[in-house]
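Q: I am new to reading interfaces between chains. Can you walk me through this model?

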Amino acid sequence: MIGIVGYGSYLPRYRIKSETIAKQWGMDSGAIKRGLMLYEKTVPAQDEDTITISVEAAKNALARAQIDPQKIGAVYIGSESHPYAVKPSATVLIDALGIGPHVHVASYEFACKAGTEAMYVAYSLVKAGEVEYALGIGADTSQGAPGDALEYSASAGGAAFIMGKEKVIAEILFTHSFTSDTPDFWRREHEYYPRHAGRFTGEPAYFKHITNAAKSLLEKSRMIPKDFQHAVFHMPNGKFPQEVGKKLGFSKEQMEVGWISPWMGNTYSGSSPTGLAAILDVAKPGDKIFMVSFGSGAGSDGFIFSVTDEIKYVQNLAPKLRDYLDDNKIYLDYGQYAKFRKKIIVNE
Amino acid sequence: MLNEMNSPKANRLAGGDVAVIGVGMTKFGELWNKSLRDIFVEAAMKAIENSGVDHIDSMYVGTMSGGLFVGQEHVGAVMADYLGSVPIPATRVESACASGGAAFRSAFFEVASGYSEIVLAGGVEKMTDGADVTDALATAADQEYEVYHGITFPGLYAMMARAHMHQYKTTREQLAHVAVKNHKNGSLNPNAQFRSQATLEQVMNSTMVADPLRLLDCSPVSDGGAAVILCSLEYAKKLKRPFVKVKASAQASGTIALHSRESLTSLDCVSVAAKKAFKQSNIKPYDINFAEVHDCFTIAEIIVTEDLGFFEKGKGGISVEQGLTSLNGKIPINTSGGLKAKGHPVGATGIAQIIECYEQLTGNAGERQIKNAKLGLAQNMGGSGASCTIHILEAI
Amino acid sequence: MISPKYHREIPQRYRLEAGKCKQCGTISFPPRLICPKCKSKNFETVQLSREGKILTFTIIRVGPDKFSKETPYVVAIIELNDGARLTAQVTDCDVNKVEIGTKVKLVFRKIQDEGKWGLHCYGYKAILI
């Protein structure tokens, strides 16, 4: 059996409400809430970045996996906000957590699906027998240009998954990826904020890739939506994942637990991974979980998980996603938010 | 184990073989038109003239960071050169904010040992030439385990203040009383950076720097130089000018990081050095008539006056509030205005403290002259209490 | 360029590695060559406890240049459950809610940047429990 042996999530404490952002730009927050179903989002503290979020999430994953960190043979962090353009994020992480130095490490980038990419490669290496355990992480301190629609969603958080063969808590039954060159969203080298192609990000990008990956995954597994207790899709906002799930035949109830974007925002590479972590926090033995990510540019990674008896022993070994999402929130006004996110020009 | 107190030689030397025969200092403050070397040479020239000596055999220059403040190291040689004193031996002495005290102590040793007859001990700092002063001063703390985390010097003393307030019920007002008193003293000192008085309200309402310390709890950024001439007692008598005797010279170190100290409300380096100094001179804290102490922050004066043994532990705050340390109090502290009002050109401070003792003991302290000044103590401190020098001077 | 210095401190900054005296049990953080208490030169490497309490603290309102955009921030002296002490920032908190005796735990955060072009420098900070 190959799959997840430990998982952990992490979200910053800071929040900004959609109406706070809308007020700044003279927009109607009602439209954002109704149209995009975005109420508030996480904001990283000034001392947080993809690396620190990854470390905290991975620490929680290690607490659940209860394995010797030295046995982890590969570590991948997927993000579109790696703190360095050149220098891997995970080298810091392995030294912080006592992993390696006999370990393979890489930084991944594929817009919002870099996290599931890291999970997929980690899983594949274990399956290939190359490593005993592998750690795949999706984390971001997402960028959205001030005044852009993305500003309401771009948020911060991450989730980490340790793949292995012993004491698996969620077996990976099937995977499928679907990829094409679709220029819906990008950020050029040296640019601070991403650009997007407006409504082109919807039908030809998000919906097309998720739907194709999902359908292939269902075909491969000979399963139907009714077979799953939980489903989670990439969450660029509150509305899209609900729409794509509905189109594929999943019910609101099946998507309930993993649908966290209305209060968390879009944690980019951490989006569907944090949704999966929220599901694992409450999943029961035997539950089947359907997950499809989406990364602009564009592609989707799909996974089918089967939760094992081991799950009940690990759920309480580390903080849950909902603990981070619902508790100890600190709300920021737009000025504080602009300062935190370095949107104010200052003298260096 | 090496113990200076128990060394018969140290006791003999501290018995009174060395005299301070002349002093000189610049005004402290923002000396925009004077360079590091200008400042030092001005102070040293004054000291030499004041002493009546026709030469010096050797010199020590206390400076914390010529390198960071103005990009100049090798300060001993620079000053000997510009003082027109080459080829005499000239050494820069560094012990952070206690550099002046350490320079004086080096000169004391050289004279006491009989190696040289006349030695100049000076101190200088030029802090207003545009360097990041907070950063430069922070190099006196543990760079890797304190400063790395964003602590500042006001912050380190603020943590002591909070602990002292917590443990001994020292009040915010009592801290402010230190500043009010020292500003009052400084207003009587023509060389002081601040000659204006400060009210309790002004101190209490000044800008918060590092909670609970406010701007007027902190010594200022200053330029300034100070120098004194030391010689043997026999030589001093021949010069027929006013002089004072060095009755004790003591020094102690403490851990570089504040968090490594057992107590966060005491400065062990001060109490250790004080015990040595009192033993050397065979006197008790209550024999001291006045003291110049290292009030880089108001809380420092409160803690130091306790650790010197002037007041019971925890009573430093109430003592200043009751006026016991005022000019006409039981033991006047910082008659010069202290670092707080006189200014704190770091390397010069320890020497300027000796100068104030000299002025008081020779009856030349003008409007701030105290009565019956027979024994004065100068306590100079480096970092958050990782270095301390104490000198006891006696009127002749 | 601070790379060599930064790299050397990683075991302490990232993993809180300390030296425990084999003779008297005193924990030195960072590790030392000579035990400050008993002068022994024999140590074993231990990891510090990640939980403790605040012994004293300040709120920095005027910071050094590197930290000037982060004010106000709390710096505290923390005694960890194993008795070791260190200085660290207390992050993610209402600066007015911190008190002497408050329980904290250590988390992994970015401590400072080496300017706009240099290294990101990480390490431990405390959060209120």
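Q: How many salt bridges does the rule find across the interface of chain C and chain A?
A: This is a predicted model. A salt bridge pairs a side-chain nitrogen of Lys or Arg with a carboxyl oxygen of Asp or Glu, within 4 Å. Between chain C and chain A the rule gives 3 salt bridges. In one of them, the side chains of C:Arg109 and A:Glu48 meet, at 3.2 Å from N to O.

Q: Which elements give two or more residues to the side of chain C that touches chain A?
A: Helix 2, strand 7 and strand 8 of chain C do. Strand 7 of chain C provides the largest share, 5 residues. Sorted by class, this side of chain C has 8 nonpolar, 4 polar and 9 charged residues.

Q: What area is buried between chain C and chain A?
A: Buried area is the accessible area that two parts lose on being put together, summed over both. For chain C and chain A the value is about 1900 Å², and carbon and sulfur atoms give 50% of it. Three residues stand out on chain C: C:Lys69, C:Asp92 and C:Phe108 supply 32% of the area that chain C buries against chain A, more than any other three residues. In residue terms, 21 residues of chain C are in contact with 24 residues of chain A.

Q: Now the other partner. How many residues does the contact take from chain C and from chain B?
A: Chain C gives 35 residues and chain B gives 28 residues. Together the two chains bury about 2700 Å², with 57% of it on carbon and sulfur atoms. Look at C:Arg13, C:Arg85 and C:Thr87: they supply 20% of the area that chain C buries against chain B, more than any other three residues.

Q: Where is there a salt bridge between chain C and chain B?
A: Find C:Arg61 and B:Asp211, whose side chains meet in a salt bridge at 3.9 Å, N to O. The rule finds 3 salt bridges across this interface of chain C and chain B. It also finds 16 residue pairs in polar contact there, both residues at pLDDT 80 or more. On the chain C side, strand 4 gives the most, with 6 residues. The residues on that side of chain C, which touches chain B, are 21 nonpolar, 7 polar and 7 charged.

Q: What is the order of the open sheet of 3 strands in chain A?
A: The order is 3-2-14, and the pairing is mixed. Strand 3 (40-43) and strand 14 (330-331) of chain A stand at the edges; each has a single partner strand, so one side of each is left without a neighbour in the sheet. Strand 2 of chain A, residues 14-17, runs parallel to strand 14 of chain A, with 2 bridges joining them. A:Arg15 stands opposite A:Tyr331 in strand 14 of chain A.

Q: Which domains does the domain assignment give for chain C?
A: It gives domain 1 (1-48) and domain 2 (49-129). Their centres, taken over C-alpha atoms, are 20 Å apart. The contact takes 13 residues from domain 1 of chain C and 15 residues from domain 2 of chain C.

Q: What area is buried between domain 1 and domain 2 of chain C?
A: It is about 1200 Å², and carbon and sulfur atoms give 66% of it. C:Tyr6, C:Leu16 and C:Leu48 supply 42% of the area that domain 1 of chain C buries against domain 2 of chain C, more than any other three residues. Across this interface of domain 1 and domain 2 of chain C the rule finds 0 salt bridges. It finds 3 residue pairs in polar contact there, both residues at pLDDT 80 or more.

Key: Residues numbered from 1 in each chain as written. Chains lettered and ligands numbered in written order. Predicted model: local features only at pLDDT ≥ 70, side-chain atom pairs only at ≥ 80, totals over all residues. Heavy atoms only, no water. Contact = heavy atoms within 4.5 Å. Buried area = accessible area lost by both parts, 1.4 Å probe. Polar contact = N/O pair within 3.5 Å; in protein donor to acceptor, adjacent residues only side chain to side chain. Helix = DSSP H or I, 4+ residues; strand = E, 2+ residues; numbered from the N terminus. Nonpolar A, V, L, I, M, F, W, Y, C, P; charged D, E, K, R; others polar. Domains from an automatic or database assignment. Pairing = 2+ DSSP bridges.
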